[in-house]
Amino acid sequence: MGLRILYAGSPEPACETLKLLFENQNKYGFEIVGVLSNPPSAKGRHKDLIPTPVAAFAQEKNLPVFTPEHLDAAAREEVSQVKADLLVCFAYGHIFGPKFMALFKLGGINLHPSLLPKYRGCSPVPAAILNQDNQTAVTIQTLSPKMDEGDILAQTIIDLNKSETSESLLHESAVIGAELICNILKTTSEKNILPQGKKQEGQASYTGLISKNDAKINWSESAASIEAKIRAYFPEPGCWTSFNNEPLKLLKAEVIPDTQNYQDKENGQVLDYIKNQGIIIKTGKDLLCVKKLQRQGKNPMEYKDFMNGARNFVGTILQ
């Protein structure tokens, strides 16, 4: 086997890409010799330490797994043992310093799910959905000392139809990105050098970490903006409002016109429940028809099931 790859990533979308790379390594002339991921996190009632999806898959395939808290000298010493030629990264979440990158004679590449230079940073997929963009992209770039400023090696445009969630768009990006990476690795393996990239052009914009407060609904916004927020923050952190002083997540909705002219009603007021349609809520412009909800500590529910247990919901003003 030729080109030796260290793969860096943590969440489920990065695991999807890793699986596809692992399945195709013989076909494209490379070998995944190790995986770098975030440390296990405490989850569940008993706070059991759970590995990231990427680390769990690597362990299943008996690949060396590195989960350092910091990419310090000890981490570099461990990683150097697998003698990787190239670092391939998707959603690892850390900036790689020059000492770490010096371990890889061919440098590194990064999968970034945006139309770079638009939406650099850690939350490009929610940003594209929130802004109701018509297009986004999957970009493979060289790893740079500065966040997402590397040269573009490959880029595939994705047309958006305004039904995508962050979950579905990240899945699509993971699959497309794996194919782009495989083609780059094939060329790199044959020539023993990364293909020539092109400098990013255009106005750069940046995205940051998403907090629970970012996902709180402001009912004075338009129904279209709220519906986009629901899709952008699905499944995490989940778009929410306050009902009876408890958070209530809205998981799926659609926009409908205000044909009844509810201008005298308050924003956030639950106006109606239509059995074959959904729960109708007043917004700053148009109406939001909610299809799926989740009360705190409960499983997600279709709107009909929710209304069976919330008979006085119509007339409530959500905060």
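The chain exposes about 16000 Å², and carbon and sulfur atoms supply 47% of that area. Keep in mind that this is a predicted model.

Staying with the chain as a whole, the side chains include 35 positive and 35 negative ones. The centres of those two sets lie 2 Å apart. If you draw a box along the principal axes, the C-alpha atoms fill roughly 70 × 50 × 30 Å.

The chain has 319 residues, and 48% of them count as buried. On contacts: take those between residues at least 6 apart in sequence, and 66% of them join residues at least 24 apart.

Now to the interior. In soluble globular proteins, nonpolar side chains tend to be buried together. Here, the largest nonpolar core has 45 residues. Which residues have the most contacts inside it? They are Tyr7, Phe30, Val88, Ile109 and Leu185. Helix H6, residues 166–191, gives the most to this core, with 8 residues.

Let us look at Leu185 from that list. Leaving aside its neighbours within four places in sequence, Leu185 is in contact with Leu3, Ile5, Tyr28, Phe30, Leu86, Val88 and Ile109. There is also a second, separate core of 22 residues. Among its members are Ala253, Ile281, Tyr303 and Met307.

Back to Ile109, which takes us to strand S7. Which way do they point? Ile109 and Leu111 point one way from S7, while Gly108, Asn110 and His112 point the other way. Both sets are buried.

What does S7 pair with? On one hand there is strand S6, residues 86–90, which runs parallel to S7 and is joined to it by 3 bridges. In that pairing, Val88 has Ile109 as its bridge partner. On the other hand there is strand S9, residues 135–142, which runs antiparallel to S7 with 4 bridges between them. There, Ile109 stands opposite Thr142.

How values were computed: Residues numbered from 1 in each chain as written. Predicted model: local features only at pLDDT ≥ 70, side-chain atom pairs only at ≥ 80, totals over all residues. Heavy atoms only, no water. Buried < 20%, exposed > 50% of the residue type's maximum accessible area, 1.4 Å probe, protein only. Contact = heavy atoms within 4.5 Å. Areas by Shrake-Rupley, 256 points an atom, 1.4 Å probe, with all protein chains shown as cover. Lys, Arg positive; Asp, Glu negative; His and termini not counted. Charge placed at Lys NZ, Arg CZ, Asp CG, Glu CD. Helix = DSSP H or I, 4+ residues; strand = E, 2+ residues; numbered from the N terminus. Pairing = 2+ DSSP bridges. Core = buried A, V, L, I, M, F, W, Y, C linked by side-chain atoms within 4.5 Å.
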